Amino acid sequence: MILANRLKTAEPTTGGIVEFVDSFESSAVSGSKDFTGINIGAAASDRNIIIVLGLANLSTITNLTDVSVGGTHLTLYYGTDGGANPIQTIIAAGLVTADNTATVTVTASFCSVFAAVYKYNAPSTTLTLVDNVSNSEASNSNAALSDVEIQSGGVVFYGCSDRASNTTSTVSWTGADSPVEGSVIVGTRNLHHGYIICTESTTTDDLTISIGGTDKVARQVVSFI
């Protein structure tokens, strides 16, 4: 069974700069946990921090309630939690203008966390959500994230939380632009992640994150302008 979720909003602009800057992981987050000394890139008035989080818990679905960077609370974009599937992907994003390193604080019920940190210097300074598409599978079949709305000058971030602990993945995108794949974050479970700078006109495209095995997975893609 594939469980899917989507959420939309929107409107335009022209190209920004993305950089993968750090990662962190913990096998046990219960309540609030600080990850100190996280690199968040050069401070700037247009710097947004995007954190792609993989969450896993062998007994229950995680209830993540807050992610902050240096005291600034990010907006949480939830992916499908998969019901009985104890794994989830969540993308957190927000404008953080000060400091080159920061403490990232994650607040959740007991779970493991494995995360990739990006900085994005956005053309319009703040981010506007265009689309949020997610799915999860109790038995992986590499189901596509379909009809992801994008806008020219925008950006897409994606993640796939993987209970089978695959260390490689293949990403395909039906749009004109090429995905930039990050190194797999290896934690209690694994996180496949990356981004796409969008140059084509407003349209919808499909993203497929192919990994091995038939264990539980939770995928998410979020599009911003």
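Me: Which residues do ring pairs link into a cluster?

Reply: In this predicted model, ring pairs link F20, Y118, Y120, F157 and Y195 into a cluster. Rings of Phe, Tyr and Trp (its six-membered ring) pair if their centres lie within 6.5 Å, and planes under 30 degrees apart count as stacked, over 60 as edge-to-face and the rest as tilted. Residues are numbered from 1 along each chain as its sequence is written, and side-chain values use heavy atoms, with hydrogens and water left out. Because the model is predicted, local features need pLDDT of at least 70 and side-chain atom pairs count only at pLDDT 80 or more, while totals for chains, interfaces and linings use all residues.

Me: What makes the pair of F20 and Y118 edge-to-face?

Reply: The ring centres of F20 and Y118 are 5.5 Å apart, within the 6.5 Å limit, and their planes stand at 70°, which is over 60, so the pair is edge-to-face. F20 belongs to strand β2 and Y118 to strand β8, 98 residues apart; strands (E, at least two residues) are DSSP runs, numbered from the N terminus.

Me: Why is the pair of Y118 and Y195 called edge-to-face?

Reply: Here the centres lie 5.8 Å apart and the planes are at 80°, so the rings of Y118 and Y195 are likewise edge-to-face. This pair also links distant parts of the chain, with Y195 in strand β15 (residues 190-197), 77 residues from Y118.

Me: Why does Y118 count as buried, and F20 as partly exposed?

Reply: Buried means under 20% relative accessible area, exposed over 50%, and partly exposed in between (1.4 Å probe, protein chains only). Y118, with a relative accessible area of 0%, is therefore buried, whereas F20, at 36%, falls in between and so counts as partly exposed. Y195, at 14%, is under the limit and therefore buried.

Me: Why does I211 count as buried, and what does I211 touch?

Reply: I211 is found in the loop between β16 and β17 (217-224), and its relative accessibility of 7% is under 20%, so I211 counts as buried. Not counting residues up to four places away in sequence, I211 touches residues including N140, C160, H192 and V217, where contact means heavy atoms within 4.5 Å.

Me: What makes K33 lie over the face of F35?

Reply: A charge sits over a ring if NZ of Lys or CZ of Arg is within 6 Å of the ring centre and within 35 degrees of the ring normal. K33 lies over the face of F35 at 5.9 Å from the ring centre, which is within the distance limit.

Definitions and conventions
Helices (H or I, at least four residues) and strands (E, at least two) are DSSP runs, numbered from the N terminus.
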